[in-house]
Amino acid sequence: MGASLTEVGSRLAGLLFTWGIIQQLFPQILRRRIESFWNRLENYFYPYVQITIDEFSNGKNNEIYRHVDTYLGTKSIHNGAKYLKAEKPDNSKSFAVILDEGEEIIDEFQGARLCWRSNKETIDNNSHGRKSQPTEKKSYTMTFNQQDREIVTGKYLKHVMEEGRAIEFKNKKQRIYCNDNLISWILRVYRPWSHINFEHPATFDTLAMDPRKKEEIINDLIAFTKGKDYYSKVGKAWKRGYLLYGPPGTGKSTMIAAIANFLNYDIYDLELTSVKDNLELKKLLMETTSKSIIVIEDIDCSVDLTGKREKEKKKEETGDSDSDSDSDSESQNKLTLSGLLNFIDGIWSACGQERIIIFTTNHVDKLDPALIRRGRMDMHIEMSYCRYEAFKVLAKNYLGIETHPLFQEIQPLLEEVNMSPCDVAESLILKNTSGGTEICLNNLIQSLKEAKEKAIQDSIEAKEKAIQDSIEGKEKANRDSEQVKEETKKTKKFSTKFIRSCVRLK
C-alpha cells in the first residue's frame, strides 16, 4: 500500500513539473487548450467538490455551522458513526450528540451522495511576541460529486438548514417573558423583557373541557402552524388571535399553558399597566420572537382603553363641542385603544411570523367591539363551568378512574349546578390514602348538593326581592300620583282665584 502511494505521488509530481514547463514554453492560446484538457483529465480522475463550513465567520458565530452541527448529530445516531460526543446546550431540554474530530458520515439526498467530515484545528496565538492560549477552529467539510453541484447548492443545503432549525426548536427550553421596567432601572440598561424557564405541566390531555371543543382548538392550531403559504397567498400577517372568556376558575390560564406546550412556543406575558405609551408598546412587540404567544390576561381590568371613546359619546349627546386640550395632550402620552389595535392588527404586527395573541377576560361584554372583532381575535373560546365530559377528564387526572357507580349521581348534578373546574378539582384531590376515591367523589356530591341548595335559595331570595321591589315601586308610584293630584288641585284653585281677581280689577 505504501509503495503504491509513493508511486502515485511521484507521478503527480512529474505531471506538475511537466505542466510548469508547458506554461513557460507554449503560447497563451495553446496553454488555454491544454488547461481545458488538464481540467477535464483532473475531473475524470477526481470528480469531487468540497464545501467547508467554519464555526465562525467574520468573527461571529456562523448560523449555518450551528444548524449543520445539529442536523449531523441526529443523522450520526442512525448512520453508524463510531466516534461521537455528547453535549448539553444551555437552552436545550436534552443532550445533543455531535461528531467527534475526524469522524465521517455519509448522507444521501435525491440520489446525491455526500460525505461529511468533522475538522478541528488548533491555532497558536502569538501577538507581538506574547503567547496566549491557543484557540480551536472547528469546521465541517462536505465532499460530493460535481455532477450533483446544483442539487447540493440549490436544495440540499437549504434542507439541512431547515431540518437543523426544526430540531433545535423541538429541543429548546420554553421560556416565559414579562415586561419588567424595574430590572431595566436597576441595571441602567434597557431590557424590554426578562425571562425564566417555562415548565408548566398542562396539556390538552389534562385540560378539563368538552372533547369536541378541545379537538376544534387543536385542529385550528395545527392548521395555523402549517399555514405559512396560505397566509402569504391571502396577503395576511402570519398570526392568529384567541379570546378566552368565562367566569373565574374555568381554566383560561391553563388553556394558555396547554397551547404553549402543544406548540412548544415561548410566552410573552404583557402587563399593560407597565406600558407608558404606544411607542413603548411597539418596542416591546419588536423584541418578541417568532413562534411565540403574546398574552394579555384580564384585559378588561388592565387599563381604561375605552375612556376617551366614552367621553366623545357624552360630548355628542350633550352637544359640548369645546375641545379639552389638556386631555388631548395627556392621551398622546399614554397607551390608547388605537395603539393597542395597531399592536394587534396594524402594520407593526407583521414584524414577526408565526405568532399567537391571546386575550383573557371574565367579562367579555365590557370589551370594546373593535378590540375583539374577527381578524383581531379570530377565535372566541368560552371557558364555561364544569360539565360531565370535563368532569371525566378531571376524574381520570386526579383519581385515575374512567368510570364509577357514583358518576350516575354526579352527572345530573353537574348539569344543574354551575361549578368551575377549579372547585371540582379541589374536591377530587386525594387527601387521605384509605378509601380516597370514594371519599373524594362523595365530597364532590356533597359540594354539588350544597351549591344547588344555595342556588335555589339565592333564586328564591332574588324573586322575593324582585317582588318587594315591584311592590315598593308601585307604592311609590301611587304616592307620586297622589302628590301630583294634590299639586294639580292647588294649581287649579290658584288659577281660579287669579282669574277672578283679574276680572274684578277690570
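Predicted model: local features only at pLDDT ≥ 70, side-chain atom pairs only at ≥ 80, totals over all residues.
**Helices α6 and α8**

Two packed helices are described by the angle between their axes and the distance between the axes. In this model, helix α6 packs against helix α8 at an angle of about 45 degrees, and their axes are 11 Å apart. Because of this angle, α6 is oblique to α8. The crossing of the two helices, α6 and α8, is right-handed. The table lists the residues through which the contact is made.

| Helix | Residue range | Residues in the contact |
|---|---|---|
| α6 | residues 211-225 | Ile217, Ile218, Leu221, Ile222 and Thr225 |
| α8 | residues 252-263 | Met255, Ile259, Phe262 and Leu263 |

Of the residues in the contact of α6 with α8, 8 are nonpolar and 1 is polar, while no charged residue takes part.

**Asp220 in helix α6**

Helix α6 also contains Asp220. Is Asp220 buried or exposed? Its relative accessible area is 17%, and the cut-off for a buried residue is under 20%, so Asp220 is buried. When neighbours within four places in sequence are left aside, the residues in contact with Asp220 are Arg240, Tyr242 and Met379.

**Helix α16**

Buried residues are also found in helix α16, which spans residues 407-416. These are Phe407, Ile410, Leu413 and Leu414. Where do they lie around the axis of α16? They cover an arc of only 125 degrees, and therefore they lie on the same side of α16.

Conventions: Residues numbered from 1 in each chain as written. Heavy atoms only, no water. Axes fitted to C-alpha atoms, helices over the stretch in contact; angles between N-to-C directions. Helix = DSSP H or I, 4+ residues; strand = E, 2+ residues; numbered from the N terminus. Parallel < 35°, antiparallel > 145°, perpendicular 65-115°, else oblique. Left-handed = near helix turned anticlockwise from the far one by under 90°. Contact = heavy atoms within 4.5 Å. Nonpolar A, V, L, I, M, F, W, Y, C, P; charged D, E, K, R; others polar. Buried < 20%, exposed > 50% of the residue type's maximum accessible area, 1.4 Å probe, protein only. Arc of directions from axis to C-beta.
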